[in-house]
Amino acid sequence: MRWVNGATSYEYDLGGVVNTSWETRVTEIQFGQSFKVRAICDDGEYEQYGEWSELVVREDTREQLATPIIAYDPEVGLTVAINDPRVSYYEVMFGQDGYKMLYYPPDGAYETEVITNSFAFPENDHTVYVKAVSEDGGYRDSEWATLTITFE
């Protein structure tokens, strides 16, 4: 934002939440979030509000991580393959129950990782969702890879 002559403060709408600031800089805009601003002039007797700026959405131009490859073998378990050193960890979510697990590969290995038997699958069909994540936020998370496991 630039300082507007006569402005004593600014009102900004950040993703539908309106705040007031005396600064001309807003730093908490997240990727994909909308933003608009208007000047306020308070001469002590009354306040005047300027027109709202055009609505802007912060575009996410970060490179997206590759989608993991997942497989399930009853003899081995759930296998997740991520061959990208930029991946800090991956997230696993099971079906509609919302269970989510963060998995950090041991020893910094980013090859095929096997999730151990500590994951008890229900005895019915279940969908597994996995995505690669960059811990420092320097890359966009991958798309969710999905796999439906059918028990007979």
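Visitor: When does a charge count as sitting over a ring, and at what distance from the ring centre does the charged end of Lys-36 sit over Trp-52?

Guide: A charge sits over a ring if NZ of Lys or CZ of Arg is within 6 Å of the ring centre and within 35 degrees of the ring normal. In this predicted model, the charged end of Lys-36 is placed over the ring of Trp-52. Its distance from the centre of that ring is 5.0 Å.

Visitor: Over the face of which residue does Arg-86 lie?

Guide: Arg-86 is placed at 4.8 Å from a ring centre.

Visitor: What is the sequence of elements in the protein from the N terminus on?

Guide: The secondary structure comprises zero helices and twelve strands. From the N terminus on, the elements accordingly read β-β-β-β-β-β-β-β-β-β-β-β.

Visitor: What share of the contacts with a separation of 6 or more is accounted for by residues 24 or more positions apart?

Guide: The protein has 152 residues, and buried residues make up 34% of them. Among contacts with a separation of 6 or more, the share accounted for by residues 24 or more positions apart is 51%.

Visitor: Is Glu-11 buried or exposed?

Guide: Glu-11 belongs to strand S1, which spans residues 9-14. Its relative accessibility is 12%, and the cut-off for burial is under 20%. Glu-11 therefore counts as buried.

Visitor: With the side chain of which residue does the side chain of Glu-11 make a polar contact?

Guide: Leaving aside neighbours within four places in sequence, Glu-11 is in contact with several residues, including Val-18, Lys-36, Tyr-49 and Trp-52. The polar contact between side chains has a distance of 2.6 Å. The partner of Glu-11 in that polar contact is Arg-38.

Visitor: Which residue takes a positive phi in the hairpin of S1 and S2?

Guide: S1 and S2 run antiparallel and are joined by five bridges. Leu-14 has Val-17 as its bridge partner in S2. The hairpin has two residues between the strands, and the residue with a positive phi, near 65°, is Gly-15.

Visitor: Why is S7 described as largely enclosed, and which residue of S7 is the bridge partner of Ile-69?

Guide: S7 is largely enclosed by the rest of the structure because five of its five residues are buried. Strand S6 (residues 69-73) runs antiparallel to S7, with five bridges joining the two, and a hairpin connects S6 to S7 through three residues. Within S7, the bridge partner of Ile-69 is Ala-81.

Visitor: What is the angle between the planes in the aromatic pair of Tyr-129 and Trp-144?

Guide: The count of aromatic pairs comes to two. In the pair of Tyr-129 and Trp-144, the rings are edge-to-face, with 6.4 Å centre to centre and an angle between the planes of 90°.

Visitor: How many residues apart in sequence are the parts that this pair ties together?

Guide: Trp-144 counts as partly exposed, at 33% relative accessibility. Tyr-129 lies in strand S11 and Trp-144 in the loop between S11 and S12, so the pair ties together parts whose separation in residues is 15.

Visitor: What distance separates the C-alpha atoms of Gly-32 and Glu-59?

Guide: Gly-32 lies in the loop between strand S2 (17-21) and strand S3 (34-42) and counts as exposed at 53% relative accessibility. Leaving aside neighbours within four places in sequence, Gly-32 is in contact with Val-57 and Arg-58. Gly-32 and Glu-59 are 27 residues apart along the chain, yet their C-alpha atoms are separated by 5.7 Å.

Visitor: What is the relative accessible area of Ser-134?

Guide: Ser-134 is in the loop between S11 and S12. Not counting residues up to four places away in sequence, Ser-134 touches Leu-65, Arg-86, Ser-88, Tyr-139 and Asp-141. Ser-134 is buried, and its relative accessible area is 6%.

Notes: Residues are numbered from 1 along each chain as its sequence is written. This is a predicted model: local features need pLDDT of at least 70, side-chain atom pairs count only at pLDDT 80 or more; totals for chains, interfaces and linings use all residues. Side-chain values use heavy atoms; hydrogens and water are left out. Helices (H or I, at least four residues) and strands (E, at least two) are DSSP runs, numbered from the N terminus. Buried means under 20% relative accessible area, exposed over 50%, partly exposed in between (1.4 Å probe, protein chains only). A polar contact is a pair of N or O atoms within 3.5 Å; within protein, one must be able to donate a hydrogen and the other to accept it, and residues adjacent in sequence count only if both atoms are side-chain atoms. Contact means heavy atoms within 4.5 Å. Two strands pair if DSSP finds at least two bridges between them. Rings of Phe, Tyr and Trp (its six-membered ring) pair if their centres lie within 6.5 Å; planes under 30 degrees apart count as stacked, over 60 as edge-to-face and the rest as tilted.
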